[in-house]
Amino acid sequence: KTDEIRLQSMPDLIQEIKNAGPFYITTKMDGTSATYCYEENEFCVCSRNFKKKEDESNIYWKIARKYNLSEVLKEYKNLAISGEIVGPSIQKNPVSLSEIDFFVFTVYDISRSKRLGYYETLSFCQTNNLRMVPLDSLWEDKDSLENFDFSLNVWLERAKGRYLNSNNPREGIVIRPINPIYSPSLQGPLSFKVINNVYLLKEK
């Protein structure tokens, strides 16, 4: 399953990301998550909870066909890709797209039980004509990291903003180390989201 813990529910993650070194921030896309991979030579198309049977109207399979993912992943059978499907008829289409699209947020190496880092994921997406979730900012310069304010209020401010080419508030941001790091708090890869309070008010 693909999910991100909300920072407000686990504030210890602030210290973990502070100690993690270089990190990056992406926009959290508001849609429905999907995962694609091969399992024993079978191409698998999955929602957050289920493997989906192929049919013409299924949005998960529409994305698989749009990006030719069965052929792409034949070359990378050790990898699984997860991302967000967004667009018309999905969560009221806050990103204001005219057709459904797919934004990769994780590439997972099944053979090593490990996520790829930021630059490996970016390279994979560029090589295979896939779109990665929009990059908000990269923090890898030593001086900028030393001067970064990691307080919760700053994260909440950073989460604000609107989706590109839209007047709708974005759902928030996702923060990850550039190179995956184990989180004692999460007992898995360090990664968390900060929800935009303006978005929360609009949803009420």
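**Figure 1. Phenylalanine 23 and phenylalanine 148, both buried, in a predicted model.** Phenylalanine 23 has a relative accessible area of 0%. Its ring and the ring of phenylalanine 148 have centres 5.3 Å apart, with the planes at 80°. Planes over 60 degrees apart count as edge-to-face, so the pair of phenylalanine 23 and phenylalanine 148 is edge-to-face. Phenylalanine 23 belongs to strand β2, while phenylalanine 148 sits in the loop between α5 (142–147) and α6.

**Figure 2. The stacked pair of phenylalanine 23 and tryptophan 139.** The structure holds 16 aromatic pairs, and one of them joins phenylalanine 23 to tryptophan 139. Here the ring centres lie 6.3 Å apart and the angle between the planes is 15°. Phenylalanine 23 is in strand β2 (residues 23–28) and tryptophan 139 is in strand β9 (residues 135–139), so this pair ties together parts that are 116 residues apart in sequence. Tryptophan 139 has a relative accessibility of 16%. Buried means under 20%, so tryptophan 139 counts as buried.

**Figure 3. A cluster of aromatic rings.** Ring pairs connect Phe23, Trp139, Phe148, Phe150, Trp155 and Phe192.

**Figure 4. The open sheet of five strands.** The strands are ordered β1-β13-β10-β2-β9, and their pairing is mixed. At the edges are β1 (5–6) and β9, each of which pairs on one side only. Strand β2, which holds phenylalanine 23, stands between β10 and β9 in this order.

**Figure 5. Strand β10 and the strands on either side of it.** β10 pairs with β2 in the antiparallel sense, over six bridges. In this pairing, tyrosine 24 stands opposite arginine 176 of β10. β10 also runs antiparallel to strand β13 (residues 192–195), to which four bridges join it. Across from isoleucine 173 is valine 194 in β13, and across from valine 174 is lysine 193, also in β13. How much of β10 is buried? Six of its six residues are, so the strand is largely enclosed by the rest of the structure.

**Figure 6. Arginine 170 and its surroundings.** Arginine 170 is found in the loop between α6 (152–159) and β10 (172–177). Is arginine 170 buried or exposed? Its relative accessible area is 6%; this is under 20%, so arginine 170 is buried. The side chain of arginine 170 makes a polar contact with the side chain of aspartate 136, at 3.0 Å. Another polar contact, at 3.2 Å, joins the side chain of arginine 170 to that of threonine 27. Leaving aside residues up to four places away in sequence, arginine 170 touches several others, including Arg158, Lys160, Tyr163, Asn196 and Tyr199.

**Figure 7. Lysine 77 over the ring of tyrosine 38.** Lysine 77 lies over the face of tyrosine 38. The distance from the ring centre is 4.9 Å.

Notes
Residues numbered from 1 in each chain as written. Predicted model: local features only at pLDDT ≥ 70, side-chain atom pairs only at ≥ 80, totals over all residues. Heavy atoms only, no water. Helix = DSSP H or I, 4+ residues; strand = E, 2+ residues; numbered from the N terminus. Buried < 20%, exposed > 50% of the residue type's maximum accessible area, 1.4 Å probe, protein only. Polar contact = N/O pair within 3.5 Å; in protein donor to acceptor, adjacent residues only side chain to side chain. Contact = heavy atoms within 4.5 Å. Phe/Tyr/Trp six-rings, centres within 6.5 Å; stacked < 30°, edge-to-face > 60°. Lys NZ or Arg CZ within 6 Å of the ring centre and 35° of its normal. Pairing = 2+ DSSP bridges.
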